[in-house]
Amino acid sequence: MIRVENLVYRYDAGAPDCLQGISLDIEDGAHTALIGPNGCGKTTLIKHLNALLFPRAGTVCVDGMMTTDVSSVREIRRRVGMVFQNPDSQIVGMTVEEDVAFGPGNLALPSAEIRRRVDECLAMVGMTGFEKRAPHSLSGGEKRLLSIAGVLAMNPRYIAFDEPTAYLDPAGKQRVLEIIRRLNRAGMAIIHIAHDMRDVAEADRVVFLDRGQVLRTGTPAEVFEKADLLIAVGLDGLPGGCGS
Ligand SMILES: Nc1ncnc2c1ncn2[C@@H]1O[C@H](COP(=O)(O)OP(=O)(O)OP(=O)(O)O)[C@@H](O)[C@H]1O
Ligand SMILES: [Mg+2]
């Protein structure tokens, strides 16, 4: 599991803390949704889960390894995959297959195993046949799928998705949500930042952040019960609320 304890963070000395003492457990195999208004710290929080950022105070512990332990960072980054909001930021290869092979290539795996992972992960996101395409020639939705395949190729235990359905049309959204559902059913722990409540109705647990603090946590039904509060911070897709 991933255990976050009293996590405090600020980007610049002198700036206010944008995470103000967050405590959170992410259980093995659970689907954890992270919601909250723009700027509340969702992206900053998930960047702590795979040692892209380090706490100013408090700790983040992944399967017993502290993210601040330099000798653990490599393994933590392998175990905790990140699908960022902008897929362009994750493209590294000249072709789709090269892009997916990049991560496993860095693990010094045998080439047959890398090939197997590339084929399997492209199939998993429905991108078989795109192997030789240039990533920059793909549509936004296809790039999103490619970035998911690249993360899957590392064989992670946890994947954090930062607003994975943003900018997608309804069919593209459904495709991504179905992939997330399938991965979760197969036992992968999912951390899912969402702006639309309908995207996280199936989550095991919803964590509602506001101004760097956990305001509420519980099942979707428990958290969405007090719809007024969520509408007040501008979240979409509440039953009977705005945007639904
Ligand atoms: N690189 C950075 N340098 C300085 N401040 C930053 C940086 N990234 C984020 N911040 C600030 O930290 C706070 C939290 O930002 P963060 O991106 O984590 O919010 P978020 O909940 O993901 O928002 P959104 O829903 O808009 O993606 C915001 O006040 C933001 O302005
Ligand atoms: Mg964000």
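Predicted model: local features only at pLDDT ≥ 70, side-chain atom pairs only at ≥ 80, totals over all residues.
## Surroundings of ligand 1

Ligand 1 is surrounded by Tyr11, Cys18, Pro37, Asn38, Gly39, Cys40, Gly41, Lys42, Thr43, Thr44 and Glu163. Sorted by class, this shell comprises four nonpolar, five polar and two charged residues.

For Cys40, a polar backbone atom lies 3.2 Å from an oxygen atom of ligand 1. Gly41 likewise contributes a backbone N or O atom, at 3.0 Å from a ligand oxygen atom. Of the 640 Å² that ligand 1 exposes when taken alone, the protein buries 58%.

## Helix 4

Helix 4 is formed by residues 111-124. Its 14 residues should span 20 Å at 1.5 Å a residue, and the separation of 20 Å between its end C-alpha atoms therefore agrees with that expectation.

The buried residues of helix 4 are Ile114, Arg117, Val118, Cys121 and Leu122. Because they cover an arc of only 120 degrees around the axis, these residues lie on the same side of helix 4. The buried set thus includes the charged residue Arg117.

## Helix 6

Helix 6 consists of 16 residues, 170-185. From its first C-alpha to its last it reaches 22 Å, close to the 22 Å expected at 1.5 Å a residue.

Buried positions in helix 6 are Gly172, Val176, Leu177, Ile179, Ile180, Leu183 and Asn184. The arc that they cover around the axis is only 155 degrees, so they are placed on the same side of helix 6. Pro170 and Arg185, by contrast, are exposed on the other side of this helix.

Gln90 has a relative accessibility of 18%; because buried means under 20%, Gln90 counts as buried. Along the chain, Gln90 and Pro220 are 130 residues apart, and their C-alpha atoms are separated by 30 Å.

Thr95 has its place in the loop between strand 6 and helix 3 as well. Its relative accessibility is 18%, and Thr95 therefore counts as buried. A polar atom of the Thr95 side chain lies 3.1 Å from the backbone nitrogen of Glu98.

## Residues with positive phi

Asn6 is not a glycine, yet its phi is positive, at about 50 degrees. This residue belongs to strand 1, which covers residues 2-9. With a relative accessibility of 49%, Asn6 counts as partly exposed, because the exposed class requires a value over 50%.

A positive phi is also found at Asn155, a residue other than glycine, where the value is near 55 degrees. Asn155 is located in the loop between helix 5 (140-152) and strand 7 (158-162).

Conventions. Residues numbered from 1 in each chain as written. Chains lettered and ligands numbered in written order. Heavy atoms only, no water. Helix = DSSP H or I, 4+ residues; strand = E, 2+ residues; numbered from the N terminus. Buried < 20%, exposed > 50% of the residue type's maximum accessible area, 1.4 Å probe, protein only. Near = heavy atom within 4 Å. Polar contact = N/O pair within 3.5 Å; in protein donor to acceptor, adjacent residues only side chain to side chain. Areas by Shrake-Rupley, 256 points an atom, 1.4 Å probe, with all protein chains shown as cover. Expected span 1.5 Å × (residues − 1). Arc of directions from axis to C-beta.
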